Amino acid sequence: MTLSAPSLELEQLTAAKVIDARGSACPGPLLEAKKGMGTVAIGEIIEIWSSDPATRTDIGAWAGKVGHEFLGCVETGGYDRVFVRRGK
Amino acid sequence: MSDTFSLVLCSGTDDKLESAAIMAAGAAALGNRVNVLLQFWALDAFRVGAIDTDHGLLAEAGPAGAAAVREHTPLGRLPWAETLRQAKELGEVEIQACTNSLDLLGLDATQLDPLVDGACGIATFLINAEGGPIVFV
């Protein structure tokens, strides 16, 4: 998996909303991300925590299709932190 | 290509219904319109009072498959009906009962869970599919 930004840069981002979707099976984290995106302003970032390994690629694909910017993913002991900037 | 994704649900076991719910929710999250028709045993599974009960698995699961699924299903995992509820909150998902199946099962639309938006015939469903893909589960 190629991260779109170095982990350190991602970790310095301030997310407007952090969504803990750990323990949720596909497509739960994606649904949580879509729900959460509606609560932040355009240009703001959401961070989704997921223990489902499919989430990072699914959220990347979703963001690309619906017009958000997938910033990347940081692996953190047992789960992924996925960063997306609201595009529209 | 049409951005409408259509599903015909015929089977009423939890594995088939979960498979369909995952596809419906994924398509809704991607911004597709989702158009669902319930027939036969899938329709029966949406009855008020039945929707949140155990509908078993396909025969091919066998006792070993059923035991494996039970063992690996984490507590708190969303049941398929809840996945569909979330999909309806987040996107454009319409679920219709097949009028033919309602008749065959001796049901009317008032006996169905509120997840079901109404009842329609096959022509209405096909027109609502807008030429997009139709998946049969």
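Good morning. Helices and strands here are DSSP runs, a helix having at least four residues and a strand at least two, and they are numbered from the N terminus. With that convention in place, Ala109(B) can be located in the loop between α5 (99-105) and β4 (118-120) of chain B. Please keep in mind throughout that the model is predicted.

Let me stay with Ala109(B) for a moment. Its relative accessibility is 41%, so Ala109(B) counts as partly exposed. Between Ala109(B) and Ala20(B) there are 89 residues of separation in sequence, and their C-alpha atoms lie 21 Å apart in space.

Ala20(B) leads us to helix α1 of chain B. This helix covers residues 14-29, 16 residues in total. From first C-alpha to last, α1(B) reaches 22 Å, which is close to the 22 Å expected at 1.5 Å a residue. Which residues of α1(B) are buried? They are Asp14(B), Leu17(B), Ala20(B), Ala21(B), Ala24(B), Ala25(B), Gly26(B), Ala27(B), Ala28(B) and Ala29(B). Just after the helix, Gly31(B) adopts a positive phi of about 95 degrees.

Met23(B) also belongs to helix α1 of chain B. With a relative accessibility of 29%, Met23(B) counts as partly exposed, because buried means under 20% and exposed over 50%. Leaving aside residues up to four places away in sequence, Met23(B) touches Phe5(B), Leu7(B), Val135(B) and Val137(B). Met23(B) and Val34(B) are eleven residues apart in sequence, and the distance between their C-alpha atoms is 9.5 Å.

I turn now to chain A, and to helix α2, residues 28-37. Pro27(A) sits in the loop between β1 (17-20) and α2 of chain A.

How does α2(A) pack against helix α3 of chain A, residues 55-66? The two helices pack at an angle of about 45 degrees, and their axes are 10 Å apart. That angle makes α2(A) oblique to α3(A). The crossing of α2(A) past α3(A) is right-handed. On the α2(A) side, the contact involves Pro29(A), Leu30(A), Ala33(A), Lys34(A) and Met37(A), and these meet Thr55(A), Ile59(A) and Trp62(A) in α3(A). Sorted by class, the contact has six nonpolar residues, one polar and one charged.

The next two contacts of α2(A) are with chain B.

What makes the contact between α2(A) and α4(B)? From α2(A) come Leu31(A), Glu32(A), Lys34(A) and Lys35(A), and from α4(B) come Thr83(B), Gln86(B) and Leu90(B). By class there are two nonpolar, two polar and three charged residues.

Helix α4(B) spans residues 80-90, and its buried residues are Trp80(B), Ala81(B), Thr83(B), Leu84(B), Gln86(B), Ala87(B) and Leu90(B). These buried residues pack against α2 of chain A, together with α1, α2 and β3 (93-98) of chain B.

Phe40(B) has a phi near 40 degrees, a positive value in a residue other than glycine. Phe40(B) lies in helix α2 of chain B, residues 40-45, and at 31% relative accessibility it counts as partly exposed. Glu130(B), likewise not a glycine, has a positive phi of about 50 degrees. Where does Glu130(B) lie? Its place is the loop between α6 (122-128) and β5 (134-136) of chain B. Glu130(B) is partly exposed, with a relative accessible area of 48%.

Thank you for your attention.

Key:
Residues are numbered from 1 along each chain as its sequence is written. Chains are lettered from A and ligands numbered from 1 in the order in which they are written. This is a predicted model: local features need pLDDT of at least 70, side-chain atom pairs count only at pLDDT 80 or more; totals for chains, interfaces and linings use all residues. Side-chain values use heavy atoms; hydrogens and water are left out. The expected span of a helix is 1.5 Å times one less than its number of residues. Buried means under 20% relative accessible area, exposed over 50%, partly exposed in between (1.4 Å probe, protein chains only). Axes are lines fitted to C-alpha atoms, for helices over the stretch in contact, and angles run from 0 to 180 degrees between N-to-C directions. Angles under 35 degrees count as roughly parallel, over 145 as roughly antiparallel, 65 to 115 as roughly perpendicular and the rest as oblique. A crossing is left-handed if the near helix is turned anticlockwise from the far one by less than a right angle, and right-handed if clockwise. Contact means heavy atoms within 4.5 Å. Ala, Val, Leu, Ile, Met, Phe, Trp, Tyr, Cys and Pro count as nonpolar, Asp, Glu, Lys and Arg as charged, and the others, Gly among them, as polar.
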